[in-house]
Amino acid sequence: MISFNQVHKRYPGGYQALKNVSFEIAEGEMVFLTGHSGAGKSTLLKLIAAIERPNHGSVLVNHQNVGVLKSRALPYLRRNLGIIFQDHKLLLDRNAFDNVLLPLQICGFDYRESHKRVRAALDKVGLLKREKSNPIALSGGEQQRLCIARAIVNRPSILLADEPTGNLDTEYAQEIMAIFKSFHQVGVTLLISTHDESVLQNTNVRVLALRQGELQPASPFATSGGSGQAASTGSGQA
Amino acid sequence: MRHTLAQNIGVLRRMFSSKLAGILNILVIGIALSLPAGMYVLLQNAQGLVAQLSGTPQISLFMSMDAKADDVDKLRKQLEQHPAIARVEFVARAQALEQLKQSTGLADVIGGLNQNPLPDAFIVYPKPSAAQSLDELRIELAKLPKVEQAQLDSAWAYKLEALLKFGRMVVLILASLLSLALIAITFNTIRLQILTQRDEIEVAKLIGATNGFIRRPFLYFGAAQGLLGGIMAWLIITISLLLLNHQLNALSQLYASQFVLHPLSLGDSLTLMLFSMYLGWLGAWLSVARHLSQIEPR
């Protein structure tokens, strides 16, 4: 589903964000991406969504090399991805309902179908009663859940989440993790980045650990996470 | 499709939400367009007046006083066979005198004359397509036997026509310049709109919006602003003409004539509005092409 092969990413100015990263995530897998801030987690997610492009190596999503996609093809790649941002990126000039509606408008869904789907997505994250609220009136946890609703309303096969629990207290964080698990159960491929390894302690999932742009070998939390147990560090440096 | 429309209307409503700025923009566009369009209306009216006064060009042939009925017939045949002449009208001298009496109110003076001072005359209507110029035709006709004088009427109308041509050129230059101004206004408005909606554009790109999808509402906005500006220009012209006609009415009564300024025709009104709409769309398109690519999600 997602495959990195010897990926290097250097930002203009010389900062090396990712060094020789290789891994594979199979369809339906739920994988956590850990590391301190600055370890390259966000960069890795951005490469999958083609927000950034690798300097070297290939990033395959559904067998498509997204690093060399023409900009005209990008929208169609991103429609297949649900992206949850650490800073929500919610639009404050419209209510919760319209925020979730946006991806469906972009894909050109008809009125009735899109409204049905928005309500279903809001219901899924427990915000159906807040659909008329402006995002600014929602709590941090609610904003994050709204962002999740927007990411899933389009029913993408891959969900990327960048520090979804970053600013939340434990209770909210558990709530959101529970939502992610329910997506995992219906076969969505998930890649979730977090610097907070405490949320992983009771879970039984595969972990990709980044340190200073390099993938670390087998993490302590890693157990069986699906068919694609293919995490490896390309260079073998530790 | 209906959904897209509803969504675009939503975007437009947000864009027009800064009411004062929007109204000022529309006013500026309206005033800029009303200048050349108003001048165009005045020119159209002047041209109508010229056409009304001059009618079709004609040449008056005055025969010598000693011409007999025989000479008249001969000349008539010659004229009717001439390739450059469409129609000939004969005015007998007695008839001319009668007309003169009636039209000028000089019946008493003319009645005092002991002989008719007017000659027989032909009014010659040249074919409009004739290759020969009107003046050449006049000279040729003047050389015919028993013709005393050939006079080209409405020569002044041609001079006025030349003046109108000059006026039309002025309007054209003015219209071109102000059209550029309109494009510039829209360009800048859209640039500001894009900047204020930066977040929305970024998010839309992140969740899979095509450039066309993002571009569309801005183009609609530019076109709508242009159209409203065109309507504003139309209103300015129409109201101005109403005010001017009110004054003209008083003036024309003093001259015992009936002269009113005609408003823009339906076709011209539509052209004005559609042209303005097109310019707004063009300005928006240029602006979007220039600025939208600069916004990429990070």
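**Sheets, helices and cores of the predicted model**

In chain B, residue B:Ile59 stands opposite B:Val124, which belongs to strand β3(B). The model described here is a predicted one.

Of the 298 residues of chain B, 26% count as buried. Among the contacts in chain B with a separation of 6 or more, 85% are accounted for by residues 24 or more positions apart.

Chain A also contains an open sheet, in this case of 6 strands in the order β6-β7-β8-β3-β9-β10, and its pairing is mixed. Strands β6 (81-84) and β10 (214-216) of chain A are the edge strands, each pairing on one side only, and the twist averages 20 degrees from one strand to the next. At one end of this order, β6(A) runs parallel to strand β7 (residues 158-162) of chain A, to which it is joined by 4 bridges, and within this pairing A:Ile83 stands opposite A:Leu160 of β7(A). Helix α1 (residues 41-48) of chain A lies across β3 (30-34), β7, β8 (189-194) and β9 (206-211) of chain A, and its direction makes an angle of about 150 degrees with β7(A).

A further pairing in chain A involves strand β1 (residues 2-10) and strand β2 (residues 16-25) of that chain, which run antiparallel and are joined by 6 bridges. Here A:Ser3 stands opposite A:Glu24 in β2(A). The hairpin of β1(A) and β2(A) has 5 residues between the strands, and A:Gly13 takes a positive phi near 105 degrees in it.

Positive phi values also occur in chain A at residues other than glycine. A:His63, which is not a glycine, has a positive phi of about 65 degrees and lies in the loop between β4 (56-61) and β5 (64-65) of chain A. A:His88 likewise has a positive phi, near 65 degrees, and is found in the loop between β6 and α3 (96-107) of chain A. The surroundings of the two histidines can be set out from their neighbour counts: A:His63 counts as exposed because it has 7 C-beta neighbours inside 10 Å, whereas A:His88 counts as buried because it has 21 C-beta neighbours inside 10 Å.

Helix α4 (residues 111-124) of chain A was examined for its length and its faces. At 1.5 Å a residue, its 14 residues should span 20 Å, and this agrees with the 20 Å that separates its end C-alpha atoms. The buried residues of α4(A) are A:Ser114, A:Val118, A:Ala121 and A:Leu122; seen down the axis of α4(A), they fall within an arc of 95 degrees, and they therefore line one face of the helix. The face turned away from this buried side carries the exposed residues A:Arg112, A:Glu113 and A:Lys116. Just after α4(A), A:Gly126 takes a positive phi of about 75 degrees.

In soluble globular proteins, nonpolar side chains tend to be buried together. The largest nonpolar core of the model has 103 residues, and those with the most contacts inside it are A:Val31, A:Ile48, A:Ala149, A:Leu160 and A:Leu191. Helix α9 (residues 211-254) of chain B gives the most to this core, with 11 residues. Leaving aside residues up to four places away in sequence, A:Leu160 touches A:Leu45, A:Ile48, A:Ala49, A:Leu81, A:Ile83, A:Ile84 and A:Leu191. Another core, of 11 residues, lies apart from the largest one and includes B:Ile59, B:Met63, B:Phe122 and B:Leu137.

Note on methods. Residues numbered from 1 in each chain as written. Chains lettered and ligands numbered in written order. Predicted model: local features only at pLDDT ≥ 70, side-chain atom pairs only at ≥ 80, totals over all residues. Buried ≥ 20, exposed ≤ 12 C-beta atoms within 10 Å, placed from the backbone. Contact = placed C-beta atoms within 7 Å. Pairing = 2+ DSSP bridges. Helix = DSSP H or I, 4+ residues; strand = E, 2+ residues; numbered from the N terminus. Axes fitted to C-alpha atoms, helices over the stretch in contact; angles between N-to-C directions. Expected span 1.5 Å × (residues − 1). Arc of directions from axis to C-beta. Core = buried A, V, L, I, M, F, W, Y, C linked by C-beta atoms within 7 Å.
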